Amino acid sequence: MELVIVAIVVIVGLLAFIVGLVVRGVGSKPTLDAQTEDALQGSVEEQRPVAVDTLERPPADLGVEPPQPIDIEEPPPPPPVVVDEEPPAPPPPVVVEEEEPPPVPPPLVVVDEEEPPPAPPPLVVVDEEPPPAPPPPVEEPAPPVVVEEPPPLGVRDRFRLRLGRARGALRLGGIFQRGVDEEAWEELEESLIAADVGVEASLELVEGLRGRAKAEGVRTGEQALALLKEVLRLELLVTDRTMHRRPEGTSVWLFTGVNGTGKTTSIGKLAARHQRQGETVVLAAADTFRAAAAEQLELWGERAGARVVRHQQGADPAAVAYDGYKSASASGADLLMVDTAGRLQNKRALMDELSKVKRVLERDAGPCDEVLLVLDATTGQNGLQQARAFLEAVDVSGVVLTKLDGTAKGGIVIAIQRQLGIPVKLVGLGETIDDLADFDPDAFVDALFADVAQDVAQDGEQDGEQDGEQDGEQDGED
């Protein structure tokens with residue numbers, strides 16, 4: 001507070017000093033110094049009139065009387081200017097009204113509070129050793145869980161489970177439910193044609209079946225189905241469906257077919273089977289035309305544990321096949337499988353190239369033990385056209401029929417056997433590595449007739465009971 005008062009006093013004093021200076025300048029008169037007065041006196045004297053007698057008088061011979069002098073009184077000098085300087089009035093005293101200081105607050109009275117109670121003494125923690133933990137119970141190891149793998153399916157069970165589509169397309173169970181009549185034979189012809197047995201082959205089969213049924217006195221649907229199964233087995237009867245091998249040295253199997261039939265996949269599955277049997281398998285990637293064909297074969301080789309011989313893409317496929325045999329025979333391998341490029345049957349140049357691969361391979365290896373044509377079962381009758389073209393280029397010894405589980409055209413097996421005379425040696429029944437199976441004609445026919453004979457027999461018993469009831473009712477009425 002005191003600092004504020006001092007500051008105000010200083011400011012007021014400065015203001016008073018400035019006001020005094022201003023008042024002094026206005027109230028005082030200007031005073032002339034000595035030099036200024038001398039200058040004013042000189043200027044007055046210069047202005048005095050000149051005496052006439054000082055002027056030149058004209059000459060006397062002119063007859064002019066000279067003028068009489070005129071006395072001019074000199075004006076009195078001006079009185080000196082006296083400037084009365086009045087001293088400036090002193091400034092009025094500045095009265096500074098001091099502000100009353102604020103009242104001083106009364107001093108705080110500190111009341112002595114009661115002393116807090118003394119703090120309790122700190123607790124003394126005595127480190128006691130914890131009692132020893134009881135030993136954990138000894139758990140006896142649980143017996144290992146033995147997961148019993150289901151036993152592998154037999155050949156007949158695999159065919160029966162995987163050929164459901166082909167069985168449904170034939171509809172054999174519903175054909176002879178009404179007995180053996182002309183309508184049943186016509187329906188059987190249509191079912192065989194729809195299953196891609198072929199028109200000509202279907203007509204011949206049904207005509208021969210009707211003749212035997214008439215000769216043997218077949219009258220019930222169950223008897224007709226049994227006769228049909230026997231006829232189909234005879235159609236598929238082949239003396240030899242084995243995969244030929246050499247008694248010594250490296251056996252050679254050559255695979256061919258059009259694009260997309262599953263050649264490379266079939267080779268990989270077949271290689272895995274023979275590797276599990278303890279044989280040494282070498283794969284030759286002679287498909288140098290299709291992009292990534294060699295890489296695909298190498299993947300299958302890794303899965304099967306087989307070695308792969310390959311060249312760069314675009315190389316001569318005959319050279320790859322030749323090097324593959326040299327490598328396999330030098331290492332003492334049991335089996336060499338040669339993968340060739342897929343080709344259309346109507347491309348003559350490509351078919352000639354396939355013949356060249358076979359000729360070059362057989363120069364050192366001798367005749368190929370198997371030349372297998374891979375066909376897609378879903379193509380049906382188109383597969384027959386492909387097979388005929390490949391038969392002209394190379395000597396096909398057997399057929400690998402893939403994707404048989406995914407088609408309703410199971411009759412292609414019968415068509416190949418009947419029209420081409422080439423045995424179906426391997427069939428694809430699924431996508432896993434173990435789903436390439438040897439073809440079993442009995443298992444194939446049984447799969448087509450699975451649960452059909454029982455249904456026909458039950459329908460026949462019901463028809464017989466109804467016929468008996470009707471006969472009894474008629475006898476009673478008579």
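Two aromatic rings of Phe, Tyr or Trp count as a pair if their centres lie within 6.5 Å, and a pair whose planes are over 60 degrees apart is called edge-to-face, while one between that and the stacked range, which is under 30 degrees, is called tilted. In this predicted model, the count by this rule comes to three aromatic pairs, and two of them are set out in the table below.

| Pair | Centre to centre | Angle between planes | Arrangement |
|---|---|---|---|
| Phe159 and Phe439 | 6.3 Å | 65° | edge-to-face |
| Phe439 and Phe444 | 5.5 Å | 55° | tilted |

Where do Phe159 and Phe439 lie along the chain? Phe159 belongs to helix H3 (residues 155–162), whereas Phe439 is found in the loop between strand S8 (436–438) and helix H15 (441–448), so their pairing ties together parts that are 280 residues apart in sequence. Phe159 and Phe439 are both buried, and Phe444, like Phe439, is buried too.

Is Val22 buried or exposed? Val22 has a relative accessible area of 54%, and because exposed means over 50%, Val22 counts as exposed.

Terms used. Residues are numbered from 1 along each chain as its sequence is written. This is a predicted model: local features need pLDDT of at least 70, side-chain atom pairs count only at pLDDT 80 or more; totals for chains, interfaces and linings use all residues. Side-chain values use heavy atoms; hydrogens and water are left out. Buried means under 20% relative accessible area, exposed over 50%, partly exposed in between (1.4 Å probe, protein chains only). Rings of Phe, Tyr and Trp (its six-membered ring) pair if their centres lie within 6.5 Å; planes under 30 degrees apart count as stacked, over 60 as edge-to-face and the rest as tilted. Helices (H or I, at least four residues) and strands (E, at least two) are DSSP runs, numbered from the N terminus.
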